[in-house]
Amino acid sequence: MANPDAPFGFRKVNSLAGYQPTTLQTFGIKSGYATALYIGHAVKILADGTIGIAAAGGAVLGILKGVSYRTSTGEEAKALYWPASTTTFGSVDATALVDCDMDGLWEVQSEGAIAAADIGQLVDI
């Protein structure tokens with residue numbers, strides 16, 4: 001039976017620290033940021049100090065765990081993702097919750113076949 005194609009991004013399974021340390025930190029997402037960010041996405045710090053999606057070969061700050069912001073009408077929103085190009089109330093940065101555990105062990109679905117020797121290795125997003 002084949003594995004299901006049900007992407008979930010990065011999911012924490014353990015920590016090399018031997019316990020689950022508190023590693024959640026808050027960062028801003030620029031109002032109008034044009035790329036959707038979902039729970040499990042690897043994120044990085046952008047030049048303006050806010051976060052954005054991390055790309056292959058680049059540095060990774062951590063894994064997105066949630067987002068909160070005020071909609072353009074002033075309503076409070078808490079979400080599992082950042083809708084692309086969302087304008088916030090007063091153009092104030094949204095707040096992103098990011099897991100920055102440098103010793104975290106994560107599982108992630110591959111988009112293609114992997115060799116048995118690749119299991120347990122580092123991943124290049």
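What you're looking at is a predicted model, where local features need pLDDT of at least 70, side-chain atom pairs count only at pLDDT 80 or more, and totals for chains, interfaces and linings use all residues. Residues are numbered from 1 along each chain as its sequence is written, and side-chain values use heavy atoms, with hydrogens and water left out.

Let's start with the overall layout. Helices (H or I, at least four residues) and strands (E, at least two) are DSSP runs, numbered from the N terminus. Of the 125 residues, 30% are buried; buried means under 20% relative accessible area, exposed means over 50%, and partly exposed is in between (1.4 Å probe, protein chains only). The protein exposes about 8100 Å², with carbon and sulfur atoms supplying 55% of it. Those areas come from the Shrake-Rupley method with a 1.4 Å probe, and for residues only the protein chains shown count as cover. As for contacts (heavy atoms within 4.5 Å), take those between residues at least 6 apart in sequence: 62% of them join residues at least 24 apart.

Now for the rings. Rings of Phe, Tyr and Trp (its six-membered ring) pair if their centres lie within 6.5 Å; planes under 30 degrees apart count as stacked, over 60 as edge-to-face and the rest as tilted. By that rule there are two aromatic pairs. In one of them, Tyr38 and Tyr81 have ring centres 5.4 Å apart and planes at 15°, so this pair is stacked. It links distant parts of the chain, with Tyr38 in strand S3 (residues 37–38) and Tyr81 in strand S8, 43 residues apart. Tyr38 is partly exposed at 43% relative accessible area, and Tyr81 is partly exposed at 36%. The other pair is Tyr69 and Trp82, whose ring centres are 5.2 Å apart with planes at 75°, so it counts as edge-to-face. This pair also links distant parts of the chain: Tyr69 sits in strand S6 (residues 62–70) and Trp82 in strand S8, 13 residues apart. Both Tyr69 and Trp82 are buried.

Leu80 is in the loop between strand S7 (76–79) and strand S8 (81–82), and it counts as exposed because its relative accessibility is 60%.

Last stop: the loop between S8 and strand S9 (94–99), where you'll find Ser85. Most residues other than glycine have a negative phi. Ser85, though, has a positive phi of about 65°, and Ser91, found in the loop between S8 and S9, has a positive phi of about 55°. Ser85 is partly exposed, at 44% relative accessibility. Thr86 is in the loop between S8 and S9 too, but counts as buried at 16%. A polar atom of the Thr86 side chain lies 2.6 Å from the backbone oxygen of Pro83. Leaving aside neighbours within four places in sequence, Thr86 is in contact with Ser31, Gly32, Tyr33 and Tyr69.

Technical notes: Polar contact = N/O pair within 3.5 Å; in protein donor to acceptor, adjacent residues only side chain to side chain.
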